[in-house]
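Reader: I have a structure to read and a few questions about it. Please show it to me.

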Amino acid sequence: MSGNNPYGQDSQHHVLSVLVQNRPGVLARVSALFARRGYNIFSLAVAPTEHADYSRITIVVDLASAPLEQMTKQLFKLIDVVRISELDPRHSVVRELIMATVRATAEQRGQIVELTNIFEGKILSVGVDAVTVSLDGSPSNIDDFMAALNQYGIVESQRTGLVALPKLDRAASAGAAKSPKGKAS
Amino acid sequence: MKETLTGAQALIRALEHENVDVMFGLPGGCILPAYDPLIESKIRHILVRHEQGAGHMAEGYAHVTGRPGVAMVTSGPAATNLVTPLCDAYMDSVPMVGITGQVPTAAIGTDAFQECDTVGITRSITKHNELVMSAQDLPMVVRQAFHIATTGRPGPTLIDIPKDVLQNEMTWYWPSDDEVLDSLPGYRPNVKGHTKMIKEAARLILAARQPILYVGGGVLKARAAAALRELAELTQIPVVTTLMARGAFPDSHPLCLGMPGMHGTATAVTAMQKSDLLIALGSRFDDRVTGKVSAFAPDAKIIHVDIDPAEQGKVRRPDVPIVGDCRLVIEEMLKAIKELLQSGETQADVGPWRSRVSGWREQFPLAYDQSEPGAALKPQFCLEKLRDGAPEGTIVVSGVGQHQMWTSQYWNFEEPYTWVNSGGLGTMGFAVPAAIGAKVGRPDKTVWAVDGDGCFQMTAQELVTASLERIPVKIGILNNSYLGMVRQWQEMFYDERFSEVNLSGTLPDFVKWAESMGCVGIRVEDPQEAEAAIDKANSINDRPVVVDFRVAEDEKVFPMVPAGKSNDDILLHHSQDARREFLK
């Protein structure tokens, strides 16, 4: 694992970007396969792509539960799965979004606004004794933000799970995103 | 000209377009509309007594014909009764299409009468399944289901059709091959092996001194038996055929070592252990073959040919993985080997290896103790008599347990597609319905099911179906009044503490039961009676026959590799224990 791993040096997490046919039940097929084979999903994000016939599922998998090769091969056996890209963190752009509601007295409100600005987050909603903020960034960035907010007391929060795309080719690093389709079939 | 059909009419016409000549099923509420146009169809429908029977019949039919078996049942409990055969077909890569009725689209999700989440329940036990929400989609969904079931690694598919979809109108069409492929952009099974890998495999094969061809069910699915034989004979490499591959290579061939695995021959098991190269063809390193994986064939390099990429490296990392259809790959392998030989390469001498293997074969034939005069029949004896009395080309079907292992051991399989059994899932009750399906698929052949008394009681009611539909299968029950394999394990591994394993020495009366279902029933209690009973059964061809062989209750299957043990720890028949050293 690379030093740029957004989950840290020792992480067993790996990102799969899975292009699927946009059909009823496809998410259930993918998640059921992971459950049935005993593979752990760390996070999962799914939404339609620019092409209405396809959706993209970004799955952060836990390689402690099974080898990546078996995961991608079993996944690829699903008829609705069109392509699997194994995204190397060194050659990908990754983002995650968090929304958090934090306890804030009138005096603390300013501190939280300042903290959010430092992280380049946004204030979404301000209440009498709480503030809801958001931040998009790398997972480790979000971890830091959450740790900082924790001292005020997080009432509730929701992370989206990671989404990722391959970095665009530079002259020197063409073919950065490996597609295991050739490998697996 | 545009033609308007109901969904039900479109379904039946689509099945006709797929060349379905027979289907197995049982009607009920939600599937009723599909049974109406069936009256006019040329498709033969076989009315079963339980939906599980329909599924296993479809499997038996597929096993012996290579064509997909079709089972059609209604929603809810009928769909759940189909679950076992679907899972069985999935484990053994049997091409099969299941069709289930579903509650009307508007009622889905309301816990309606006989509603269940059929696609949800069958998701992990089908290669693909589909809930059809519009009558217009039916021809395409049927084509996809047959295409997926029969290509790549074969397997079961399921089409779940709500009642109103069957009743609604649609405009008939029949999708082209290209349209089917375009609709499945994620499904392109790779059939042609990688040329470089095949060349590498050819080099390894020529260099090996102790090679073994480890042949699995994939060779039969790929119809590669002829290619396999050419490969074995060209290279003089001994062959083991797994439980799913019995018949892929003739048992009488001098290179054939029989079945490997938990109850395999000592020769097949040991030859794999000592091998320096395993050429795995359509086999999947199942735990029943490998025993303790870490101790399996420790010195062997592995060439693994399989059409399913996920099998490569799932259990054992291959040195040369080849993803492709076994027949095409073996044919390319033959070419590559011949080219190497022509270019002056020579094959390593496998002579010493073959003599060593022959020595094992002489020292360790299958063995059992003949029964004492007046004592109970031995099941192995019954099988020898059944085998010797069977007409050439007989198809033999079995259930699951001791009788299955003895059948695989004692039958002589000479041709492909003459052996039908439940390998992966180990489904008790498989034999009777699968035999019926096999006989429907191959009416020209004698079909014997060898069953256990436990298995028989799970699905015997389908003999009513067989009698009424004039499907003259023959059933030999090796009746030891026990769940025999369980008894064997309790005797060997649970200190003879027998728990819930005795069925009954008196009930049911299998002969009367057989007669009540329209079959001829024969009881055999004495070794002297066996041959005459078998001859009589073989002479009856107008109805099913059931022969109740009352066999010894304490007979055990040997050889045996205890679960979780290394194949080196194989337990032999007691008469061979003294020669154990020869296996070293």
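This is a predicted model: local features need pLDDT of at least 70, side-chain atom pairs count only at pLDDT 80 or more; totals for chains, interfaces and linings use all residues.

Reader: Where in chain B is B:Ser41 found?

Author: Helices (H or I, at least four residues) and strands (E, at least two) are DSSP runs, numbered from the N terminus. B:Ser41 sits in a loop of chain B, between helix 2 (32-38) and strand 3 (44-47).

Reader: Is B:Ser41 buried or exposed?

Author: Buried means under 20% relative accessible area, exposed over 50%, partly exposed in between (1.4 Å probe, protein chains only). B:Ser41 has a relative accessible area of 12%, so this residue is buried.

Reader: Which residue forms a salt bridge with B:Lys378?

Author: A salt bridge is a side-chain nitrogen of Lys or Arg within 4 Å of a carboxyl oxygen of Asp or Glu. Here the closest N and O atoms are 3.0 Å apart, and the partner of B:Lys378 is B:Glu555.

Reader: How many residues apart in sequence are the parts that B:Lys378 and B:Glu555 tie together?

Author: B:Lys378 lies in the loop between helix 16 (351-363) and helix 17 (379-389) of chain B. B:Glu555 lies in the segment after strand 19 (545-550) of chain B, so the pair ties together parts separated in sequence by 177 residues.

Notes. Residues are numbered from 1 along each chain as its sequence is written. Chains are lettered from A and ligands numbered from 1 in the order in which they are written. Side-chain values use heavy atoms; hydrogens and water are left out.
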